[in-house]
Amino acid sequence: MLFDLHRLATSTILYQPQLRRLEEWDNAGTVARSHILNNFIETNQGKTAPELEQEFSQGASLFLVRLTTWLRLTYMTGSCLDKLLRSIGVFLSAVSSNHYLIEFLEVGGVLTLLEILALENIKEEGKKESIRLLQVIANSGRKYKELICESYGVRSIAEFLAKSKSEETQEEVQVLLDSLVHGNPKYQNQVYKGLIALLPCASPKAQQLSLQTLRTAQSIVGTTHPSIVDNVLKVLSTMHLEVQYEAIELIKDLVNYDVCPALLKGLVALLIPSFKETSKLQPKILNDSSVLQLTAHLPVFLQQAAAAKAIGILAHRNTSLAEEMLHLRVVHSLLAAMGNTDHSNSQRQASLTLKYFVQLFPVVEEHVRKSMGEELYKLFFSNAGDLYMKIDSIQADILAANKVNVTKALYLSDLSHSNVSFYFGHGNQDPVAYNTHFQKEDVEGKE
């Protein structure tokens, strides 16, 4: 009897501070609650679940309920939102805190966090804390990743990444997307497609992070989505070198998949911008004497230079890819890009890439020398990187209007047909039919 009374007295003593703390929260206004949250975060950050229970005399869940209730009532106004989310994070990130996580999810915690990302009146700091809580939830296991995805989370998170103005927050979003694509076989394709959909967005940082994460996602998913080629090639029109770098890194990975033929064909096509794109310059040329500064950043020319650079990188990495591109008339297209006096970087990148093809294939060397003429060829071969500064307008026109067709010579000399599998189907045609094909190409080119 005495023992029971002692235990009751002890529990009452322990209960009183915890009860007073909850009553203090219940009676406090916004400013007072903000101070309570500050004290809670400073005192309890990094504690385990048992330590939190000891802090609240086995009633920590009662305080968590109050936090989640206030979150649901006030998240649309943003009142103390970042502190409130950090306080909830103390519970969710604690060791052995699975019961806290379940309590938070049962009251619609995931949907609330995703809604916060879409609210325009919420400050960036609050949204960043929301992303961090979603990271904690995603890292808790596969079923929690699936819950986020089932709540239309991928779309909400991707849209927030595209709109966010804080690079630090965007990097947190990348960590979350990377987590969602790992160990989530049911929805990994959804994350993969969401990353592809981000590529055309207006934020360079979002593009860069999406491209980085896409490389990981592509290796996990295995198969490619048809839209990835066009979206990656369009990114090459960026003027941000860090984005261009990530795009080329992804291209280096994609040539190992079934989209390789379409990717190579697309890269070569970018070397000669369409008349529709280049004709957009005409009104500017007529109306503005400063157009030369504007054309330096015309997207199609940036894309042209990046394509020439990417082709050079791929050719250096894999001779078979270089041989395949010869059959796409890459030499003709590189020469044409070297004649683009409106964009010096296109000339430089195309010249450097062409020099590698000349060094690699004797047949290319023969055709390029013949097309350029001996004097221009010597100038090109001695210093390909600086050729654009040394040629005159007549030589540039010669390059732009070249009719080099190495592909026909490759067929007639039967170059590497035993080692390379071509996807154009010319290998089964007789020489007469194949020559007719190239005569038709020449006529179309003249037209």
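Mentor: Gln304 is buried, as its relative accessible area is 3%; buried means under 20%, exposed over 50% and partly exposed in between, with a 1.4 Å probe and protein chains only. This is a predicted model, in which local features need pLDDT of at least 70, side-chain atom pairs count only at pLDDT 80 or more, and totals for chains, interfaces and linings use all residues. Residues are numbered from 1 along each chain as its sequence is written, and side-chain values use heavy atoms, leaving out hydrogens and water.

Trainee: Which side chain does a polar contact of 2.7 Å join to that of Gln304?

Mentor: A polar contact is a pair of N or O atoms within 3.5 Å; within protein, one must be able to donate a hydrogen and the other to accept it, and residues adjacent in sequence count only if both atoms are side-chain atoms. At 2.7 Å from the side chain of Gln304, the partner is Asn340.

Trainee: How many aromatic pairs does a search of the whole structure find?

Mentor: Rings of Phe, Tyr and Trp (its six-membered ring) pair if their centres lie within 6.5 Å; planes under 30 degrees apart count as stacked, over 60 as edge-to-face and the rest as tilted. By this rule, the search of the whole structure finds 11.

Trainee: Why is the pair of Trp25 and Trp70 edge-to-face?

Mentor: The ring centres of Trp25 and Trp70 are 5.4 Å apart. Trp25 is buried at 1% relative accessible area, and Trp70 is buried at 7%. The pair is edge-to-face because the planes of Trp25 and Trp70 stand at 85°.
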